[in-house]
Amino acid sequence: MPQSNLKNIALTVNGKEYTAFVEPRMLLSDVLRDELGLTGTHVGCEHGICGACTVIMDGRPVRSCLVYGVQADQAEVSTVEGLADSDGGLHPLQEAFWEKHGLQCGFCTPGMLMSACHFLEQNPNPNREEIREGISGNLCRCTGYQNIVDAVELAAEMISKNKKCDDESSDLQVVQTGRKVNV
Amino acid sequence: MKYIGKAMKRKIDPRLIKGDGRYIADLNIPGTLSAAFLRSPHAHARIQDIDLEQARKLSGVIAVFGPDDGQEFDSLPALFPHPKLVPVTQRPLDSVVHHVGEPVAMVIALNRYIAEDAIDLINVVYDPLPAVAHLDHAIQSDAPLAHQHLESNVAAHFQQSVGDAQAAMKEAPVVVHHRFKIGRVSCLPIETRGLLAKWDFNGPEPSLEVYAATQSQHEMRSILAKLLKVSENNIRVIAPDVGGAFGAKAIFYVEDFLVTWAARKVNAPVRWIEDRLEHMMSCIHEREQYHEASLGVTNEGKILAVMDTMLANNGAYVPWGIIVPIMTSTLIPGPYKVPNYFCDAKVIYTNTVPLAPFRGAGRPQAALILNRLLDQAAEKLGMDPVEIRRRNLIREDEFPYRTGLLSRDGKPQIYDSGNYGKVLSEAVEISGYSEWRQCQQEYRKQGRYIGIGVASAIENTGFGSFEGATVRVETTGEITVLTSAATQGQGHETTFAQVAAEVFDVPVENITVREGDTSLITYGTGTFASRMGVIVGTAVYKASQTVKDKALKIASEKLNIPLEVLEMKDGCVFSVEQPSRRISLGDLAHEAKGLFPGTTFPYSVEPGLEVTEYFAPEAASVTGMTDIAVVEIDPKSCAIQILDYTSVHDNGKLLNPLIVKGQVQGGISNGIGNALYEEIVYDRQGQLLTSTLMDYLVPSACEVPEMKIGHVETPSPLNPLGMKGAGESGTIPVPAVIQSAVEDALREWNIKVENIPVKPAQLRELMRQSKEFQLVEAIK
């Protein structure tokens with residue numbers, strides 16, 4: 001590919017600004033993984049079905065294997081690496097996935113977490129059926145989903161309690177385990 | 001027990017949930033090149049001409065290899081030979097291709113984009129040969145041959161027999177028949193296959209490091225050594241984090257050889273990551289079998305005889321022997337007492353992707369056959385399906401139970417232990433079976449069609465031959481466990497730590513488990529056949545015991561206290577009589593290393609607080625399970641909805657119930673896909689029609705139901721902890737229980753559901769035919 005065809009892009013990923021010089025055909029998933037070194041986003045099917053590569057772009061979940069890097073120019077992107085606090089404090093969803101055994105091989109997990117994170121923002125108090133619908137764009141071959149549904153349910157509860165204790169400035173224990181969803 | 005049997009959260013999770021996993025595609029080794037393969041669009045063809053020059057000229061391409069290079073390659077070794085099998089194994093870059101998707105050429109380039117561009121520049125002239133893909137076609141006398149050098153498409157023809165089934169069937173007062181057409185599925189781990197090969201030419205001999213998404217690093221090392229003609233001593237295979245496998249990654253594939261071979265040729269690290277299209281057309285499939293089966297019972301529903309004729313599709317090559325049809329043929333009797341049994345099995349070559357074990361490995365097919373025949377018999381006798389099963393299950397007091405068949409290892413098949421009646425009763429209880437039967441009648445009055453299915457099955461788990469573990473106490477007091485296991489999500493790092501923690505009485509946090517690396521331990525076999533917990537778990541247990549004994553001896557000599565009054569707890573050895581007289585595990589590890597160079601080793605044991613033990617079980621430990629499913633069918637659209645799902649398993653003594661439950665749930669979801677959604681379809685000429693996840697339907701969270709899981713624990717006498725395997729059992733009864741429930745729901749139409757997967761379109765057709773038939777009968 002001649003140098004002249006390369007495009008400069010600038011994007012914000014997990015609050016940090018990056019620039020990259022990429023071919024127009026390079027997928028966002030490859031930009032994240034190969035150019036920015038953020039290998040937490042996994043690629044499972046490369047045709048937009050499995051959902052493993054799901055990231056949040058400008059507030060919406062996208063399959064990063066179906067988005068070109070150049071389309072993410074000037075965009076704000078959140079990936080699994082941005083879920084935990086900078087000091088390593090886990091996001092309630094991460095806590096809940098660990099607690100409920102919501103992952104086995106862990107390959108679909110980053111995409112699943114990002115979808116669930118966006119879903120809980122849209123629907124903070126979902127029932128189990130809504131959770132199933134909410135994560136139905138992400139395939140998991142290991143768990144049979146039940147523990148993932150349990151985990152999202154628990155995370156919703158943790159987040160809502162956290163919000164409540166933010167309001168009431170009490171119950172520090174929950175504040176410690178939960179971190180406000182912010183993607 | 002303090003640690004074994006506890007539902008402990010997994011040690012590995014914090015890394016994986018933060019996106020810090022390290023899968024093959026994530027490895028960052030400078031200078032790594034990318035490989036891509038050109039794959040055959042034909043099911044059977046001779047390569048007449050191939051032009052690699054345009055591809056070689058593309059900027060960024062390092063090398064292109066084709067059939068000319070393939071001439072020097074050996075065929076893959078034939079694993080699991082069988083006296084009745086005519087084995088054909090794959091030859092890398094052969095000039096004749098035998099299925100769509102077989103590699104024809106390989107490009108090595110700076111990155112995958114360029115490698116795939118180069119693939120497009122390769123011109124091939126194929127001479128297409130007649131191809132055969134479907135079982136019913138392949139067995140015809142004038143069918144094309146899948147391999148031109150063979151006389152027929154029959155890869156193997158064998159029988160299993162107990163008693164005199166034919167005679168007993170003639171005598172049976174009630175005989176029922178059923179046909180089964182079981183479709184083909186893909187293992188489909190969400191991480192595809194992949195490996196990275198890196199040679200080092202600076203040592204005394206060339207050495208190879210391979211990072212591979214494999215279930216079986218030791219097997220891969222031994223096959224690579226053979227094919228590359230390099231000593232095993234100079235090959236290290238590492239399986240880092242592996243994103244699911246389910247059988248797909250137990251096989252050694254031609255790509256595994258080609259990538260390592262190419263890395264040597266181009267003198268640079270080379271990585272290949274399979275894409276999903278390649279996965280569908282080149283990674284093993286399973287399940288496809290046709291059966292015609294009969295069951296003879298007494299008027300009381302007691303089994304007299306079972307006869308089965310099996311056709312099993314083998315695909316184009318034999319990567320793993322004929323394990324799958326052997327497993328099916330030896331497990332059709334399953335948990336039931338079958339005094340007379342006969343199975344005639346033909347394994348057939350076709351121009352399709354090879355079939356080899358996928359989670360369940362021939363057992364879901366076996367479970368389907370007798371359970372469904374029992375349904376027919378119960379119907380004929382007016383008996384409840386649960387009752388006819390109860391009357392035929394092997395009783396608790398009949399173990400160890402000899403079936404009269406030979407196991408896959410050639411030894412008499414003996415079930416070590418079990419309590420199938422209790423498993424069935426628990427399932428009936430948990431599912432609310434009786435209540436659902438009442439509901440069924442109520443719903444029918446409202447025009448709703450509810451069906452209830454029941455299936456009991458077994459799994460022979462924890463096959464040999466062996467696995468090993470090294471257990472070491474570090475001078476910090478921490479314990480290191482090195483095993484021959486490989487994980488693809490089973491949580492070994494937690495369960496094996498629980499085993500060692502139990503022996504040493506130290507917290508699980510103080511134990512580090514390492515696996516998936518041939519440099520950790522000399523020998524090993526791999527993660528398949530639900531065997532890691534049983535075999536590696538026992539090796540860890542035995543090695544831990546031996547290290548503990550050694551530590552106690554050193555402590556006894558060091559503290560001058562008799563062994564009998566010493567105890568190990570919380571990382572220390574102390575005198576029961578005077579607990580202040582104590583020594584820590586770390587100090588004992590230090591003692592075991594000896595004092596200074598030149599001094600005499602002071603203890604009566606061998607130096608080093610480290611022991612390696614291998615465990616070779618004398619036979620498989622057999623698990624039992626019963627599933628009960630309730631489905632509702634919309635009579636107009638024939639859409640099938642699962643209303644209730646119960647699964648009760650006896651996996652022996654559980655190491656970690658949280659993890660076992662996860663394994664069972666995952667297995668059931670694979671089974672649901674198998675039973676209702678997933679099917680790899682080829683046309684008659686061997687063209688793959690389901691090459692994407694748009695065509696091949698993997699169940700999402702909306703298709704997999706809520707599952708009620710129960711456990712019965714019957715310890716196995718074959719290992720000290722009483723363990724049985726748990727990795728695959730979830731998948732096994734699902735196709736049987738779903739097919740059973742669907743047929744039950746449509747009882748009014750009097751149809752026989754013979755297909756797996758069960759699809760609404762088939763049901764509609766069956767119902768239409770049944771109505772027409774009834775109409776014709778009425779007119780008559």
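1. Let's start with one residue pair: B:G468 stands opposite B:Y614 in β27(B). That pairing belongs to strand β21 (residues 467-473) of chain B, which runs antiparallel to β27(B) over six bridges. Another bridge along this pair joins B:R472 to B:E610 in β27(B). Two strands count as paired if DSSP finds at least two bridges between them. Helices (H or I, at least four residues) and strands (E, at least two) are DSSP runs, numbered from the N terminus.

2. Before going on, a word on what you are looking at. This is a predicted model, in which local features need pLDDT of at least 70 and side-chain atom pairs count only at pLDDT 80 or more, while totals for chains, interfaces and linings use all residues. Residues are numbered from 1 along each chain as its sequence is written, and chains are lettered from A and ligands numbered from 1 in the order in which they are written.

3. Back to β21(B), which also has a partner in strand β22 (residues 479-483) of chain B: the two pair in the antiparallel sense over five bridges. B:R472 turns up here too, with B:T480 as its bridge partner in β22(B). The hairpin of β21(B) and β22(B) has five residues between the strands, and B:G477 takes a positive phi near 90° there.

4. How much of β21(B) is buried? Six of its seven residues are, so the strand is largely enclosed by the rest of the structure. Buried means that 20 or more other C-beta atoms lie within 10 Å of a residue's own, exposed means 12 or fewer, and partly exposed is in between, with C-beta atoms placed from the backbone.

5. Strand β29 (residues 640-650) of chain B pairs with β30(B) in the parallel sense over four bridges. One bridge to look for links B:T646 with B:K708 in β30(B).

6. A few backbone spots deserve a check. Most residues other than glycine have a negative phi, and most peptide bonds are trans. The peptide bond from B:G464 to B:S465 is cis, with omega near 10°, and B:S465 sits in the loop between β20 and β21 of chain B. Another cis bond runs from B:I756 to B:P757, with omega near 0°; B:P757 is in the loop between β31 (755-756) and α20 (760-779) of chain B.

7. Which residues other than glycine have a positive phi? Among them is A:Q74, with phi near 70°, in the loop between β4 (60-63) and β5 (76-78) of chain A. It has 10 C-beta neighbours inside 10 Å, so A:Q74 counts as exposed. B:C638, with phi of about 65°, lies in the loop between β28 (621-633) and β29 of chain B. With 20 C-beta neighbours inside 10 Å, B:C638 counts as buried.

8. Over in chain A, look at helix α2 (residues 92-99) and helix α3 (residues 109-122), which pack at an angle of about 125° with their axes 10 Å apart. That makes α2(A) and α3(A) oblique to each other (under 35 degrees is roughly parallel, over 145 roughly antiparallel, 65 to 115 roughly perpendicular and the rest oblique). A:L93, A:Q94 and A:F97 in α2(A) meet A:T109, A:L113, A:A116 and A:C117 in α3(A). These contact residues divide into five nonpolar, two polar and no charged. Contact means C-beta atoms, placed from the backbone, within 7 Å. Ala, Val, Leu, Ile, Met, Phe, Trp, Tyr, Cys and Pro count as nonpolar, Asp, Glu, Lys and Arg as charged, and the others, Gly among them, as polar.

9. Finally, the chains meet: 43 residues of chain A are in contact with 43 residues of chain B. On the chain A side, α2, α3, α4 (128-134) and α5 (146-168) each supply at least two residues. That side divides into 21 nonpolar, 15 polar and seven charged residues.

Terms used. Axes are lines fitted to C-alpha atoms, for helices over the stretch in contact, and angles run from 0 to 180 degrees between N-to-C directions. Two residues are in contact if their C-beta atoms, placed from the backbone, lie within 7 Å.
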